[in-house]
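Hi there,

Here is the structure I promised to pass on to you. Have a look through it first, and then read my notes below.

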Amino acid sequence: MSKHALAKPVDVEEATSLNLVPMVDIMFLMLLFFMLGSDMGQRELEEVTLPLAESIKEDKGDAPKAGRTTINVYHDMKRGQTCADYDNDDKNVVCRNDDHWKVGIKGHDYNVKDQAQRDKLRGLLKRESEEGKSNIGDRVSERLVMIRADGKAPYGAVQHVMNLCAECGIYKIETGAAQPPK
Amino acid sequence: MAAHGGGGEDNPVHLNVAPMVDIIFCLCIFFMCSFHFKQLEGKMESWLPKDKGVFGDPVPNPILEEVRVFMKWDPTTNSTLRKVNAQMINSDEELGSILVERIEKFKSLGRPDTPVIVDALPEVPWKDVITVMDICKRNKLEKVELAAPMPGAWK
């Protein structure tokens, strides 16, 4: 019998047991980081690439007493389709297809070029405007509207939204912009 | 993942941490996949006029003594052309200095509330309009108006 055959068998369970405590600690830290860093709360914001501006005030999301409505002007394609102009990395190439630009409020999309949809949008803005009026019959509303328009959106799309706001008596308009990287 | 927590034989309470690790692992993967950094968003206040536009009477003749930034998209160069009144603008710095100079002139004439009117055609990209507004704000020109395009400005 060889020397090796007489050796004490290795305790398999002891050799493979892992100390999981450090791993659990690190995973907890990662979990905390991702939970605190993720942006889950703002459901009414669509994915837009905001234009850059240096002189912006930080938007803390605080609404006045009369409330605040967020309007998104964003590029939207049917699932599976792509837009070569919008996806172009050249910032000077702009998508001018009106059907691709949508106005989104509270999860609903509107195409402002379509008369029926524009009327629906006007109706919605009128209701929002009424909520910001202190007296029934007031011409203007104190309701605040934040327009978050994609930087590549044609100004005409934003103009439509501003015109509708003005028609509904909303004059407090804020435009969204992002801080340029330093 | 059959493993025990730390402590070994010294610890009388044995916890099976495997289910907890599994759940934390799933949560981690969920948050990692859905994660994107919060973008620092800001805003610019741009109140619409209460007494002009859709409620007011139409302006019969536009006042020529004003500071108006005309903006037009040029498809041949894929860029936005800008001019202040009749003067073509080539850079942001030039635009800023001309606007400040013109507004100062109006101030010296006793019209401190003269606004900068941004008059862009619908096909101009929004980012270029914001750039002009940003230049105004950076140069402490707080009164900025967005106007409906004046017909014939680019003829």
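Let me start with a term: two residues are in contact if their C-beta atoms, placed from the backbone, lie within 7 Å. Before the findings, please keep in mind that this is a predicted model, in which local features need pLDDT of at least 70 and side-chain atom pairs count only at pLDDT 80 or more, while totals for chains, interfaces and linings use all residues. Residues are numbered from 1 along each chain as its sequence is written, and chains are lettered from A, and ligands numbered from 1, in the order in which they are written.

**Where the chains touch**

Chain B brings 46 residues to the contact and chain A brings 54 residues. On the chain B side, helix H1 (18-33), strand S1 (41-45) and helix H3 (126-138) each give two or more residues. Helices (H or I, at least four residues) and strands (E, at least two) are DSSP runs, numbered from the N terminus.

Two strands pair if DSSP finds at least two bridges between them. With that rule, there is an open sheet of seven strands with mixed pairing, in the order S1(A)-S1(B)-S6(A)-S5(A)-S2(A)-S3(A)-S4(A). Strand S1 (57-58) and strand S4 (108-110) of chain A are at the edges; each has a single partner strand, so one side of each is left without a neighbour in the sheet.

What joins S1(B) to strand S6 (residues 170-178) of chain A? Five bridges do, and the two strands run antiparallel. Here A:Ala177 has B:Gly42 as its bridge partner. S1(A) also pairs with S1(B) in the antiparallel sense, over two bridges, and B:Lys43 is the bridge partner of A:Lys57.

Is A:Met146 buried or exposed? A residue is buried if 20 or more other C-beta atoms lie within 10 Å of its own, exposed if 12 or fewer, and partly exposed in between, with C-beta atoms placed from the backbone. A:Met146 has 21 other C-beta atoms within 10 Å, so A:Met146 is buried. Leaving aside neighbours within four places in sequence, its contacts include A:Thr70, A:Glu174 and B:Lys43. The C-alpha atoms of A:Met146 and A:Thr70 are separated by 4.7 Å, although these residues are 76 residues apart along the chain.

**Chain B by itself**

Chain B has three helices and six strands, in the pattern α-β-β-β-β-α-β-α-β along the sequence. Of its 155 residues, 23% are buried.

Enjoy exploring!
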